[in-house]
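Trainee: Could we take a close look at one part of this structure and follow how its neighbours are arranged around it?

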Amino acid sequence: MPIDNSIVHQIHKKPDGQPASLTLREQELANSEALEQLLAGLIETYNSKPNKAWGYFHEESGAYPFSGWLQQLIDEELDFVGFSKQATEHLKTLMEGSNLALGGHVLFIRYRQGMTAFLIIALLHHTEGVTVTEELEVAAARHLDLSALNMAARINLTEWKQNASSKQYISFIRGRSGKRVSDYFRDFIGCQEGADPEAETTTLLQAFQDYVGEADLPAEELKGKAKAMTSYVNSQSRQGEQVALEELSGVLDEENPRAFYDYIRHKDYGLAPEIPADKRTLNNFFKFYGKADGLSISFEAHLLGERVEYDEGEDALVIRHPPKGLIQQLRNRKR
């Protein structure tokens, strides 16, 4: 992924209500192998986050100036360093209004993936660790903790400029239910939520259920389509890509690749040609799960009738070829 511009600044702030301060870098970062590794790790971590939301810019205003600065950057009226400084100063101001906000390093990277340009912004923190030096000594080592990433946004610059009606060219990590600590970061970007991944995925699954139900498919064919759908959607999610309904339709039926896509359009489920998917909603839909009296069981739906059978008469669940780790635990228990 070619990197066009990158820079990092630092906001010094503790969650104690005290004023924040800045350390601003004066030049862009030089492209290096370390920077490329950081971008790759950041994108991998970002894509794996389940609690992302999708949206689009508020109209530019004093409260939401970010999109105006970004437009100036694209129009070359503002250089990347100047853009990032203004943005970081604005983020600092918003952080001061949130007592729980914690400072960190603000990373800006503009990069390309194929023909698509992106800007990713992340607030990063360090963690303490240990390393073994060349002299074989054990020493303390600080490094960026990408696993704790919870403040980040990615803007599809190409879609923003080429598709004026889009409402999902921005994605950002959304605070977990009941927590509004990260709202200031969403307001910093000036993003309002458009597509809801959970709702969109639920609608897609309902459309799929209606489609296969009307087709009255044999059990084996139904399992195959469900498995294909799960595999495709999870693959798109891992890559940080949206689900393209026309492409998904081709995955479900190679002989009639537009069948599912045309069904969705004809029935008017209100889905855009591309939607953000929620893996948790998808996986729960295609799983059986139960928990009671100290027993917890879950398995993917396509295993029913193959490795898992339910005997209604005996009210018994038969599991063939259980996980090896479980077998070993049971054997060890008998010894």
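Mentor: A residue counts as buried when its relative accessible area is under 20%, as exposed when it is over 50%, and as partly exposed in between, using a 1.4 Å probe and only the protein chains as cover. By that rule, 41% of the 335 residues of the protein chain are buried. This is a predicted model, in which local features need pLDDT of at least 70 and side-chain atom pairs count only at pLDDT 80 or more, while totals for chains, interfaces and linings use all residues. Residues are numbered from 1 along each chain as its sequence is written, and side-chain values use heavy atoms, leaving out hydrogens and water.

First, the setting. The C-alpha trace of the protein chain spans about 70 × 60 × 40 Å along its principal axes. The chain holds 11 helices and 16 strands; these are DSSP runs numbered from the N terminus, with helices (H or I) of at least four residues and strands (E) of at least two. Taking contact as heavy atoms within 4.5 Å, 63% of the contacts between residues at least 6 apart in sequence join residues at least 24 apart.

Now to the part I would pick, strand S5, and the sheet it belongs to. The sheet is open and antiparallel, and its 8 strands run in the order S2-S1-S4-S5-S8-S9-S3-S10. Two strands pair if DSSP finds at least two bridges between them. Strand S2 (21-23) and strand S10 (191-193) are the edges, each pairing on one side only. From one strand to the next the twist averages 25 degrees; axes here are lines fitted to C-alpha atoms, for helices over the stretch in contact, and angles run from 0 to 180 degrees between N-to-C directions.

How well covered is S5? Of its 9 residues, 8 are buried.

S5 (residues 116-124) and S8 (residues 152-156) pair in the antiparallel sense over 5 bridges.

Helix H1 (residues 33-48) touches S5 and S8, along with strand S1 (3-12), strand S3 (52-57), strand S4 (104-113) and strand S9 (170-173). The direction of H1 makes about 90 degrees with that of S4.

For a helix with buried residues elsewhere in the chain, look at H8 (residues 245-252), where Leu245, Leu248, Ser249, Gly250 and Leu252 are buried. Their cover includes helix H6 (197-215), helix H7 (219-238), strand S11 (243-244), helix H9 (259-267) and strand S12 (274-275).

Glu76 lies in the loop between helix H2 (66-74) and helix H3 (80-96), and is exposed, at 72% relative accessible area.
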